[in-house]
Amino acid sequence: MSSFNPASILSFLWRIRGALVLLLVSVLLLALSVRCNTLRATLAAEQTAHNATLHALLDAVHEGDRWKALTEDAYAKAAALSDYADACLKREAEARADFAARTTIMTNARPRPRTDAEAKEVIDDATRMAAAARLNRPW
């Protein structure tokens, strides 16, 4: 049996030191290569996820622009309808005022017999009735 001799082991390692350094460098390069490949794969996955997010963002922006255009169109139509309703209400108010004025005139009108001077100088009944019919026609 041989005994354990640390000097012989150290001597052996000293002799193969170049090979050990080469082995150590090779292991470090292999570890660095594995780490680079891992980082490259991670970077590629992150790039793919970024591209997917970018496409989703662009789709969302286009969808937002579409909804903005629809909203602006709806607001324009609502404004036009509001203006139309205001015009209708104004015409209705004018019609009511005209009706009230005609009602007041007709309520205060009192028939009376014409005098002889009016009968000779005032226009005839047929002309007066035609003029009244023209004035009272619907608008």
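Salt bridges, overall form and a nonpolar patch

The structure, a predicted model, holds 3 salt bridges. One of them joins glutamate 63 to arginine 66, with the closest N and O atoms 2.8 Å apart. Both residues belong to helix H2, where 3 residues, about one turn of the helix, separate them. Glutamate 63 has a relative accessibility of 35% and therefore counts as partly exposed. Arginine 66 is likewise partly exposed, its relative accessible area being 40%.

Another salt bridge pairs aspartate 73 with lysine 77, and here the closest N and O atoms are 3.3 Å apart. Because aspartate 73 and lysine 77 are 4 residues apart in helix H2, about one helical turn lies between them. Aspartate 73 counts as partly exposed, at 36% relative accessibility. Lysine 77 has a relative accessible area of 51%, so this residue is exposed, as the cut-off for exposed is over 50%.

The salt bridge between arginine 96 and glutamate 92 has its closest N and O atoms 3.0 Å apart. These two residues also lie in helix H2; they are 4 residues apart, which is about one turn of the helix. Arginine 96 reaches 58% relative accessibility and so counts as exposed, whereas glutamate 92, at 38%, counts as partly exposed.

The charges were also considered over the whole chain. The chain carries 18 positive and 16 negative charges, and the mean positions of the two sets are 10 Å apart.

The secondary structure of the chain consists of 4 helices and 0 strands. Read from the N terminus, the order of elements is α-α-α-α. The radius of gyration of the chain is 53 Å, while the globule rule gives 14 Å for 139 residues; the chain is therefore more spread out than a compact globule. The C-alpha trace spans about 170 × 25 × 20 Å along the principal axes of the chain.

A nonpolar patch is present on the surface, formed by Phe4, Ile9, Leu10, Phe12, Leu13, Leu20, Leu23 and Val27. Together these residues have about 780 Å² of accessible area. Helix H1, which covers residues 6-15, and helix H2, which covers residues 17-108, each supply at least two residues of the patch. The largest share comes from H1, with 4 residues. Phenylalanine 4, also a member of the patch, is placed in the segment before H1. The relative accessibility of phenylalanine 4 is 65%, so this residue counts as exposed.

Terms used. Residues numbered from 1 in each chain as written. Predicted model: local features only at pLDDT ≥ 70, side-chain atom pairs only at ≥ 80, totals over all residues. Heavy atoms only, no water. Patch = residues over 30% accessible without salt bridge, like charges linked within 9 Å, V, L, I, M, F, W, Y side chains within 5 Å. Areas by Shrake-Rupley, 256 points an atom, 1.4 Å probe, with all protein chains shown as cover. Salt bridge = Lys/Arg side-chain N within 4 Å of Asp/Glu carboxyl O. Buried < 20%, exposed > 50% of the residue type's maximum accessible area, 1.4 Å probe, protein only. Rg over C-alpha atoms; globule rule 2.2 N^0.38 Å. Lys, Arg positive; Asp, Glu negative; His and termini not counted. Charge placed at Lys NZ, Arg CZ, Asp CG, Glu CD.
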